[in-house]
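Hi,

Here is the structure I promised to pass on.

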Amino acid sequence: TLRLCPPAPLALPHCALRHTSISGIPVPVGSILVPNLLAAHRDPDTWDHPEDFLPERFLAPGAPSRALLPFGCGARSCPGEGLARAELFVFLGWILREFRLEPPAAGEGAPGLGGSGGTVLRPPPFRLRLLPCLPPA
Ligand code: HEM
């Protein structure tokens, strides 16, 4: 989910402190660069079937894990990454342990993977049924 729908689709603007280049393209000192994480995560040169949700791709040997940058990278990468990953693990694990997730009614599909643009990528509104999996204690 962090690959297909990075919550921060564009990282923060960065200023080049010296003349450099990216993939042979010159970047003069003072240039403002805005990394497009959403585009990087869907780059067909890096990812097979980039538009598909295939989490098992990260288990395969040689998976391009280093190209997964939902928290940016380098000196200005997200300082909240550890907290965010811990929260995602705890809340998602708890929800999936306690509930079975189903469409709200027969014939209604799963929520789409689209999102509204902006600083933060938000999912469109969706309805879901959460059915308790465990009998009450
Ligand atoms: C899933 C959750 C989160 C995602 C996907 C995320 C993603 C990002 C990204 C992409 C950047 C820009 C990195 C860059 O430009 O290279 C960033 C910056 C930042 N994030 Fe997060 N973040 C998340 C949660 C958090 C949390 C929980 C905190 C604080 C508790 C936090 C605090 C910050 C701060 C302070 C910056 C600016 C760092 C700087 O300017 O040097 N983030 N985040």
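In what follows, helices are DSSP runs of H or I with at least four residues and strands are runs of E with at least two, both numbered from the N terminus. Read that way, the elements of the protein chain go β-β-β-β-α-α-β-β from the N terminus on. Please keep in mind that this is a predicted model.

On the overall form, the radius of gyration of the protein chain is 19 Å, well over the 14 Å that the globule rule gives for 137 residues, so the chain is more spread out than a compact globule. Its C-alpha trace spans about 65 × 35 × 30 Å along the principal axes. Buried residues account for 15% of the 137 residues. Of the contacts with a separation of 6 or more, 54% are between residues 24 or more positions apart.

Now to the ligand, which I think you will enjoy. Cys78 sits in the loop between helix H1 (37-41) and helix H2 (81-98).

Around the ligand there are 15 residues, of which Ala11, Leu12, His14, Arg76 and Cys78 come nearest. By class, this shell has eleven nonpolar, three polar and one charged residues.

- with an N or O atom in the side chain of Arg76, at 2.6 Å;
- with an N or O atom in the side chain of His14, at 2.7 Å;
- with a polar backbone atom of Leu12, at 3.0 Å.

Best wishes

Methods. Residues are numbered from 1 along each chain as its sequence is written. This is a predicted model: local features need pLDDT of at least 70, side-chain atom pairs count only at pLDDT 80 or more; totals for chains, interfaces and linings use all residues. Side-chain values use heavy atoms; hydrogens and water are left out. A residue is near a molecule or strand if one of its heavy atoms lies within 4 Å of it. A polar contact is a pair of N or O atoms within 3.5 Å; within protein, one must be able to donate a hydrogen and the other to accept it, and residues adjacent in sequence count only if both atoms are side-chain atoms. Ala, Val, Leu, Ile, Met, Phe, Trp, Tyr, Cys and Pro count as nonpolar, Asp, Glu, Lys and Arg as charged, and the others, Gly among them, as polar. The radius of gyration is taken over C-alpha atoms; the globule rule is 2.2 Å times the number of residues to the power 0.38. Buried means under 20% relative accessible area, exposed over 50%, partly exposed in between (1.4 Å probe, protein chains only). Contact means heavy atoms within 4.5 Å.
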